[in-house]
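Please view the sequence and the model together while reading.

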Amino acid sequence: MKKNTNLHKKTLDLYVDEYGKQYIGVPKKNIAYVLTSKDENKYNVFAGRYLLSFAICVLIMLQIDWKLGLGVGFITLLVSEACYRKMFLSKLPIITNVEFGKKLESFDDLKQQPRMKNIIVLIALVVLIVLLFLNLYLSIPNLEELKKTNNIIMVIGTGFLVLYALYYGYRIIKALVK
């Protein structure tokens, strides 16, 4: 196909052109796969393949055995990556000789959203943070309970969720201001 010089990075492997059309880019090979609207849901499923493998690994490590967890997590990663490359990418149209541009700013995708949607998501993030802290307060009534492994994991997980919510809220505020 023709050469496309205006692809800009949107996420880890997702690129967008000036018309908003999305592509799955492979900069090392200078190719891009055209992501049609009907294939977006399939891509979203495969986009979580690393997180799924990690979650399975941690779950089995905590519940059964750490060696088995590592093995099953690694096998899950290999199988999901093979399915992604052989069953999904091979069916998409390819553009060759692609020149990839610079990465868009982290809030460019949010600026394209309707203003009211961004405000509603921002309010939902504030409510989420409040509910996460309320859950911690009700689940861990005293410091003795904090010494239990499950509660430590819950505090760490809550911390990560709150940090991500704050980061995403910052991006939304930055998009609303500009």
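## Strand 5 beside strand 4

Ala32 has Ile95 of strand 5 as its bridge partner. The model shown here is predicted. Strand 5 covers residues 94-96, and three bridges connect it to strand 4 in an antiparallel arrangement.

## Strand 3 beside strand 4

Strand 4 also pairs with strand 3, residues 22-26; these two run antiparallel and are joined by five bridges. One of the residues involved is Tyr23, whose bridge partner in strand 4 is Val34.

The two strands make a hairpin, with four residues between strand 3 and strand 4. In its turn, Asn30 has a positive phi of about 55°.

## Burial of strand 4

Which way do the residues of strand 4 point? Ile31, Tyr33 and Leu35 point one way, while Ala32 and Val34 point the other way. All of these residues are buried.

Strand 4 spans residues 31-35, and five of its five residues are buried, so the strand is largely enclosed by the rest of the structure.

Elsewhere, Ile123, Val127, Leu131, Leu134, Tyr137 and Leu138 make a nonpolar surface patch of about 650 Å². Among them, Val127 lies in helix 5, which runs over residues 115-139.

Why does Val127 count as partly exposed? The relative accessibility of Val127 is 44%, and the partly exposed class lies between the buried limit, under 20%, and the exposed limit, over 50%. Val127 therefore counts as partly exposed.

Note on methods:
Residues numbered from 1 in each chain as written. Predicted model: local features only at pLDDT ≥ 70, side-chain atom pairs only at ≥ 80, totals over all residues. Heavy atoms only, no water. Patch = residues over 30% accessible without salt bridge, like charges linked within 9 Å, V, L, I, M, F, W, Y side chains within 5 Å. Areas by Shrake-Rupley, 256 points an atom, 1.4 Å probe, with all protein chains shown as cover. Salt bridge = Lys/Arg side-chain N within 4 Å of Asp/Glu carboxyl O. Buried < 20%, exposed > 50% of the residue type's maximum accessible area, 1.4 Å probe, protein only. Pairing = 2+ DSSP bridges.
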